[in-house]
Amino acid sequence: MSKTSWAAVDDYIVGSLFEADPVLDAVLAANHDHGLPAIDVSPAQGKLLSLLVCIQGAKKVLEIGTLGGYSTVWMARALPVDGKIVTLELDPLHADVAQSNFERAGVSERVELRVGPALQSLAALGAENAGPFDLVFIDADKPNNPHYLSWAMRLSRPGTVIICDNVIRDGAVLDQGGRDPNVEGARAAFSFIGGEKHLDGTAIQTVGAKGYDGFAIAIVN
Ligand code: SAH
Ligand code: DHB
Ligand code: MG
């Protein structure tokens, strides 16, 4: 199987199971028009995130790494009317595009976008006692994964679900030696989850429109 057939099967999944979604198409078009990198989750992964928000019954979601808000819109749509997602983004251009996408998607009342280095925004959320969040999606600069996991723990409760994107990286997660900081970030996520007695986790390898990668998923106990 090649990347082409993984993408074709993703098209089959989306074509068979999803309604046409002009709003999400417009979100991706706006991202492209503003020159954002096409590193959003795939449609099938976005739907998985929204299902996890539903399954968890989450009312408060934290996302680290907004980009143009494609994953944010998927999760925001799965929240109840009194639910909220706080999403953290470093790049002001990404944040501007994301904010207009939230308005386009009709979810801006449920989304709070904080612009700046996520570690600073997380410290502020901690100081404000903004937790506990019911679900946390970590998808920003990979070398900071252990810091983001640590903050996710501090802003959690027993039962909180933590998801970390891009932890397989074409299988490069097996490479030792620290040559690629993104791979080191993936390995650091495994070390953190494996070493934290209050986290019970697994990782799911994924193939599809975005190639071969995977999510780590853990629950706080
Ligand atoms: N979750 C998005 C994709 C996020 S891409 C989706 O699936 O649609 C990663 C994002 O993290 C980029 O927009 C990048 O600017 C942002 N980022 C990188 N370093 C960051 C930092 N230190 N703090 C906050 N955001 C950061
Ligand atoms: C990259 C980042 C991501 O979050 C992703 O899902 C895919 C690629 C990247 O930085 O290349
Ligand atoms: Mg990602």
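Q: By class, how many nonpolar, polar and charged residues does the shell around ligand 2 have?
A: This is a predicted model. The residues around ligand 2 are Ile39, Asp139, Lys142, Asp165 and Asn166. Sorted by class, the shell has one nonpolar, one polar and three charged residues.

Q: Which residue has a side-chain N or O atom 2.7 Å from an oxygen atom of ligand 2?
A: Let's go through the polar contacts of ligand 2. A backbone N or O atom of Ile39 lies 3.4 Å from an oxygen atom of the ligand, and a polar side-chain atom of Asp165 is 3.2 Å from an oxygen atom of ligand 2. The 2.7 Å distance belongs to the side chain of Asn166.

Q: How much of the accessible area of ligand 1 does the protein bury?
A: Backbone atoms reach ligand 1 in several places: a polar one of Gly65 is 2.9 Å from a nitrogen atom of the ligand, and an N or O atom of Ala118 is 2.8 Å from a nitrogen atom of ligand 1. Taken alone, ligand 1 exposes 590 Å², and the share of this that the protein buries is 90%.

Q: How do the residues of the shell around ligand 1 divide into nonpolar, polar and charged?
A: There are 21 residues around ligand 1, and those that come nearest are Gly65, Glu89, His94, Ala118 and Asp139. By class, the shell of ligand 1 divides into ten nonpolar, five polar and six charged residues.

How values were computed. Residues numbered from 1 in each chain as written. Chains lettered and ligands numbered in written order. Predicted model: local features only at pLDDT ≥ 70, side-chain atom pairs only at ≥ 80, totals over all residues. Heavy atoms only, no water. Near = heavy atom within 4 Å. Polar contact = N/O pair within 3.5 Å; in protein donor to acceptor, adjacent residues only side chain to side chain. Nonpolar A, V, L, I, M, F, W, Y, C, P; charged D, E, K, R; others polar. Areas by Shrake-Rupley, 256 points an atom, 1.4 Å probe, with all protein chains shown as cover.
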